[in-house]
Amino acid sequence: SAMGAGMMFLVLVRILYAYWYNPEPVFGPRPPVGLSCPVSGSDPITRKNFPRGKDLSMLIKLAAVGSGILGVYLVLKIFDLFRQGAWSALTAGTWESWLYLFELLATSVIPLALVIVRRTRRSPVALGIAATSATFGMALNRMDVGIFGYFRDAQTVYFPSLAEWAVSFGVVAAAGLMFFFVIENFNIIKDVRPRHHLSDWILKAVPRKLNEVRYSALMSRLHSVTLIAVLTIPIGWVLLYPPFHNEAPGREIVQAATGADITRAVLRIDGDRQGMATEFAHAEHQKRLGGDSSCATCHHVSMPGDRSTPCSRCHRDMLKPTVIFVHSLHTATVAKKENLTGWHPTNRSCVVCHEATGPKTTRTAKRCYDCHREDMWLVGQPDSTLEMTTARSFREAMHANCITCHQRESEKVGRPALAECATCHHTLKSRETSQLAVDM
């Protein structure tokens with residue numbers, strides 16, 4: 001697909017160059033209306049479709065090869081639909097099926113039809129339409145595969161942010177300016193210097209217009225304030241998005257617990273090192289809850305092959321969930337375990353965890369504990385309901401374990417304040433006591 005569309009894109013570039021800079025080699029000199037065309041015979045012609053010269057012959061041959069490759073691509077795509085039994089999905093009437101049909105039409109059918117017909121393939125305008133259609137269709141194919149095709153499975157529509165739009169259009173604009181600069185300043189095609197410099201207009205006329213806008217905008221204070229707002233608000237929004245940028249550096253990164261004594265019987269838990277720490281009597285809790293067999297009460301899962309993974313290894317962010325499933329590591333491990341061979345054995349490992357047909361998503365994957373029944377659980381049977389692709393935030397995980405247990409135990413031991421924040425966070429308790437002394 002890239003070979004065929006690439007050739008058609010070259011045809012488009014050459015036609016655009018001829019239209020903007022040097023029209024005669026492709027379009028030829030414009031004869032009076034009604035004269036016969038020496039290339040196409042005695043058919044009456046107009047000023048617009050008078051093709052002439054070796055350049056056009058070269059473009060016709062290049063378009064024929066490119067469209068021929070895209071024709072083979074179309075045949076292979078149709079054969080693949082029959083082979084996978086997915087022909088019904090193409091005619092399902094969904095917006096994805098219509099988009100796929102439009103993609104095939106633009107990529108292969110329209111260019112092939114225009115190049116096959118003798119009259120249209122000798123017209124630079126028709127060749128330009130064929131090349132534009134093939135280029136647009138191939139770009140749409142990449143977007144369908146990489147973006148639009150995931151909307152239904154992800155159950156959400158992705159819309160790029162302002163920064164992503166700016167970067168994307170900026171890259172395209174930079175490439176266009178570079179192309180114009182090279183074409184206009186170097187002898188690329190037939191040692192013919194172009195007559196019109198488009199980049200000159202962009203680089204000289206546009207700044208001149210901007211200066212006029214600047215002078216007119218600064219005529220009054222209201223205009224000045226408006227101009228400042230128009231420029232600073234979007235830039236500030238891009239630089240400060242997401243809003244967590246104004247937090248202290250490294251505040252959300254969870255730090256491991258430290259030992260409050262030499263035996264680590266008491267752990268000091270302060271994930272973000274902001275001072276709201278907890279002195280957790282680990283050994284005392286373990287003894288009270290039943291010894292080594294009670295570890296699974298709090299530590300529900302460990303890393304594969306590990307029996308004492310600290311909480312901070314998975315819950316690595318204070319405020320946001322953390323992705324703990326490493327896809328590349330799993331594909332490499334599965335390929336090695338299954339003795340898969342070939343140039344890219346990891347690509348063949350998908351069917352080990354996912355269904356052979358359909359999209360390869362978390363919904364079509366087997367459950368994690370099907371393979372990790374023995375190497376991730378401390379004691380007892382694995383929890384089949386546990387989601388092991390992401391780990392919730394460190395703060396949420398700690399509070400869910402501690403507060404829930406304290407609420408349950410407070411009724412048994414008759415301590416209503418056991419589930420309050422100051423029971424674990426002594427800094428809150430000291431602040432309350434200090435404030436009470438001040439008030440008194």
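Asn141 is buried in this predicted model, with a relative accessible area of 8%, and its place is in helix H7. Leaving out residues up to four places away in sequence, Asn141 touches Tyr73 and Glu103. Glu103 also belongs to the residues through which helix H5 makes its contact with H7, and Asn141 is listed on the H7 side of that contact.

**Helices H5 and H7**

The axes of helix H5, which covers residues 95-116, and of H7 come within 8 Å and cross at roughly 155°. H5 and H7 are therefore roughly antiparallel to each other, since an angle over 145 degrees counts as roughly antiparallel. In passing H7, H5 makes a left-handed crossing. The contact is made on the H5 side by residues including Leu99, Phe102, Ala106, Ile110 and Leu114, and on the H7 side by residues including Leu127, Ala130, Ala134, Met138 and Asp144.

**Helices H1 and H3**

The axes of H1 and H3 come within 7 Å and cross at roughly 155°. That angle makes H1 roughly antiparallel to H3, and H1 passes H3 in a left-handed crossing. Among the residues of H1 that meet H3 are Met3, Met7, Met8, Val11 and Ile15, while those of H3 that meet H1 include Leu59, Leu62, Ala63, Ile69 and Leu70.

**The largest nonpolar core**

Which residues of the largest nonpolar core touch the most other members? They are Met8, Val11, Ala63 and Leu127, out of the 17 residues in that core. The elements that give two or more residues to the core are helix H1 (2-20), helix H3 (54-84) and helix H7 (124-146), and H3 gives the most, with six residues. Val11 shows how these parts come together, for it touches Leu59, Leu62, Ala63, Leu127 and Ala131 when residues up to four places away in sequence are not counted.

Helix H13 covers residues 327-337, and its buried residues are Thr331, Val334 and Ala335. Why do these residues lie on the same side of H13? They cover an arc of only 100° around the axis, which puts them there. An α-helix has 3.6 residues a turn, so residues three or four places apart point the same way. On the other side of H13, Lys336 and Lys337 are exposed. The buried residues of H13 pack against helix H14, which covers residues 350-353.

H13 is followed by Asn339, which lies in the loop between H13 and H14. Phi of Asn339 is near 60°, a positive value in a residue other than glycine. Most residues other than glycine have a negative phi. Arg273 likewise has a positive phi, of about 55°, although it is not a glycine, and its place is in the loop between strand E4 (266-269) and strand E5 (278-281).

**Ser410 and a set of accessibilities**

The place of Ser410 is in helix H15, which covers residues 394-413. Leaving aside its neighbours within four places in sequence, Ser410 is in contact with Arg415 and Leu418. Is Ser410 buried or exposed? At 11% relative accessibility, Ser410 counts as buried, because the cut-off for buried is under 20% relative accessible area.

| Residue | Relative accessibility | Class |
|---|---|---|
| Asn141 | 8% relative accessible area | buried |
| Ser410 | 11% relative accessibility | buried |
| Arg273 | 40% relative accessibility | partly exposed |
| Asn339 | 63% relative accessibility | exposed |

**The protein as a whole**

The secondary structure of the protein comes to 17 helices and seven strands. Of the 440 residues in the protein, buried residues make up 25%. Among contacts between residues at least 6 apart in sequence, 54% join residues at least 24 apart.

Notes. Residues are numbered from 1 along each chain as its sequence is written. This is a predicted model: local features need pLDDT of at least 70, side-chain atom pairs count only at pLDDT 80 or more; totals for chains, interfaces and linings use all residues. Side-chain values use heavy atoms; hydrogens and water are left out. A nonpolar core is a set of buried Ala, Val, Leu, Ile, Met, Phe, Trp, Tyr and Cys residues joined through side-chain atoms within 4.5 Å. Buried means under 20% relative accessible area, exposed over 50%, partly exposed in between (1.4 Å probe, protein chains only). Helices (H or I, at least four residues) and strands (E, at least two) are DSSP runs, numbered from the N terminus. Contact means heavy atoms within 4.5 Å. The arc is that of the directions from the helix axis to the C-beta atoms. Axes are lines fitted to C-alpha atoms, for helices over the stretch in contact, and angles run from 0 to 180 degrees between N-to-C directions. Angles under 35 degrees count as roughly parallel, over 145 as roughly antiparallel, 65 to 115 as roughly perpendicular and the rest as oblique. A crossing is left-handed if the near helix is turned anticlockwise from the far one by less than a right angle, and right-handed if clockwise.
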